[in-house]
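Hi,

Here is the structure I said I would pass on to you. Have a look at it first, and then read on for what turned up in it.

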Amino acid sequence: MKNSRRQRKLFWKLAGILLVLILISGCRQERRPSPFEGEPSQAEPEITVYINQTKETRKMKIEDYIAGVVAAEMKTDWPVEALAAQAILARTFTMEAIERKGGVPERGTQASTSVEEFQAWDEKKINDNVREAVNRTRGEVAVYKGNYINAWFHAYSGGKTATAKEGLDYDKTPTPFIHSVDDPGIKDAPPEDKAWTATFTKEEVKKAVLKMGKKIGDFKEIKIEERGPSGRVLTFNIGGTSVSAPAFRVNIGSTKLKSTLISSVSVSGNKVIFKGTGYGHGVGMSQWGAYTMAKEGKSPEEIVKYFFKDVEIIKKWK
C-alpha cells in the first residue's frame, strides 16, 4: 500500500514537471528568418570621427557618418540605388578599417573626414536622396567568406574594371573577390572621362619618379613596358628605369593623369603627353557603372555583387 502511494506521488510530480516544460516551450517566440546571411550581430556602433576641417573629434552614430561619406563620394542627385550601393561600400570600408587597424590610430579616432587618411565626408551635401539610400541599406556590409572585403571603387573604369594588382599595384593580401568585368557605365560616363589628354613637363615626370625613390636624368621617350589583363599599364620605362604605373599616377597627380588605361605616351621637346580613357584606379565598383545599373532597375545589392566576385551582403545591425 505504501509503495502504491509513493508511486502515485512520483507520477504526479513527474507529470507536473512535464507540464511546466511544455508551457515554457510554448512561450518561446519563433525565430524569424533573416533575409541576410545570419541575424544582425550587434547594435549600431557609435564611432569617433576626426573632423579634418575643424580639427575636432566628434562622436556620432555610424549611419550618420556613412551619410556624409556617400554625399561626398557620389553625386547626390543620382538614383537612390546607386547611392545605396555606395553606402554599402562606405560602411564596409569603415568597419574593415576599424577591425584591421583601429580606424585612424594617428588621430586616436575610428574614422576621419580626410580622403587622404580615410574617406571623403561632407555633411552639408546630405539630402533626402542620400538619407533614403543609407536607411535602405542600414547595417549592410559586403563580406567574402565572413571577412570584410577591400571596398574599392572609382569613377569610371574606361570599359573594363581592373584587378587589384593592375589598378593599385596591390598584392599585400589575396583579393579573390576582385575581378575584371565589363563596365556598364560606358553608356553614361561623361566624354571627358571616356577620352582625355594629360600633358606634363619633363621636370614634373622626374619629380614624380623621385617621390617613388628613383632618380632619372633626361629622357627622350617613355615606353609602355607591361600591360595587365584589362589593358592597363603596369610599368612604364622612363629613360631606362622601370616604374610602377599606378604609383607613378598617384605621384604625378591622379586627377590629371586620370587612369593607367593609356593608349599612347609621347615626348615632344619638354612636354610629355599621355592619352587615355577612364577615371580612377579601375578596381572594384565603377560609380558610373552603378549609375547605369541603377537606372536599369538593379538593386544596391545586385550592383555590389556584380563588381565584387562571390561576396555576400550581410546585415550587421538593425
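The protein exposes about 16,800 Å², and carbon and sulfur atoms supply 51% of that area. Accessible areas here come from the Shrake-Rupley method with a 1.4 Å probe, and for residues only the protein chains shown count as cover. Please keep in mind that this is a predicted model, where local features need pLDDT of at least 70 and side-chain atom pairs count only at pLDDT 80 or more, while totals for chains, interfaces and linings use all residues. Residues are numbered from 1 along each chain as its sequence is written, and side-chain values use heavy atoms, with hydrogens and water left out.

Some overall numbers next. Of the 318 residues, 47% are buried (buried is under 20% relative accessible area, exposed is over 50%, and partly exposed is in between, with a 1.4 Å probe and protein chains only). If you take the contacts (heavy atoms within 4.5 Å) between residues at least 6 apart in sequence, 69% of them join residues at least 24 apart.

Of the 48 residues lining the largest pocket, Phe93, Trp152, Phe153, Leu168 and His281 are the closest to its centre. On a 1 Å grid over the protein atoms alone, a pocket is an open set of points where a 1.4 Å probe fits, with protein on both sides within 12 Å along at least five of seven lines, and lining residues have an atom within 4 Å of a point.

The lining of the largest pocket divides into 24 nonpolar, 12 polar and 12 charged residues (Ala, Val, Leu, Ile, Met, Phe, Trp, Tyr, Cys and Pro count as nonpolar, Asp, Glu, Lys and Arg as charged, and the others, Gly among them, as polar). Helix α3 (80–101) is one of the elements that each supply at least two lining residues, and the largest share, six residues, comes from α3.

You'll find His281 in the loop between β12 (271–276) and β13 (285–286), and it is buried, with a relative accessible area of 16%. What does its side chain reach? A polar atom of the His281 side chain lies 3.1 Å from the backbone oxygen of Phe153, and one lies 3.0 Å from the backbone nitrogen of Val283. Leaving aside residues up to four places away in sequence, His281 touches Trp152, Phe153, His154, Ala162, Gly167, Leu168, Arg232 and Arg249.

Then there is helix α9, which is largely enclosed by the rest of the structure because eight of its nine residues are buried. Those buried residues pack against α2 (62–73), α3, β6, α6, β13 and α10. Thr292 sits in this helix (residues 287–295) and counts as buried because its relative accessibility is 1%. The side chains of Thr292 and Asp188 are joined by a polar contact of 2.6 Å (a pair of N or O atoms within 3.5 Å; within protein, one must be able to donate a hydrogen and the other to accept it, and residues adjacent in sequence count only if both atoms are side-chain atoms). Just after α9, Gly297 takes a positive phi of about 95°.

Gln119 is in the loop between β3 (111–112) and α4 (128–136), and at 3% relative accessibility it counts as buried. Its side chain makes a polar contact of 3.0 Å with the side chain of Thr94. Gln119 and Ile66 are 53 residues apart in sequence, while their C-alpha atoms are 9.7 Å apart in space.

Finally, two residues other than glycine with positive phi. Lys145 has a phi near 50° and is exposed at 70% relative accessibility, in the loop between β4 (140–144) and β5. Asp310 has a phi near 55° and is exposed at 56%, in the loop between α10 (300–307) and β14 (312–315).

Cheers

Terms used: Helices (H or I, at least four residues) and strands (E, at least two) are DSSP runs, numbered from the N terminus.
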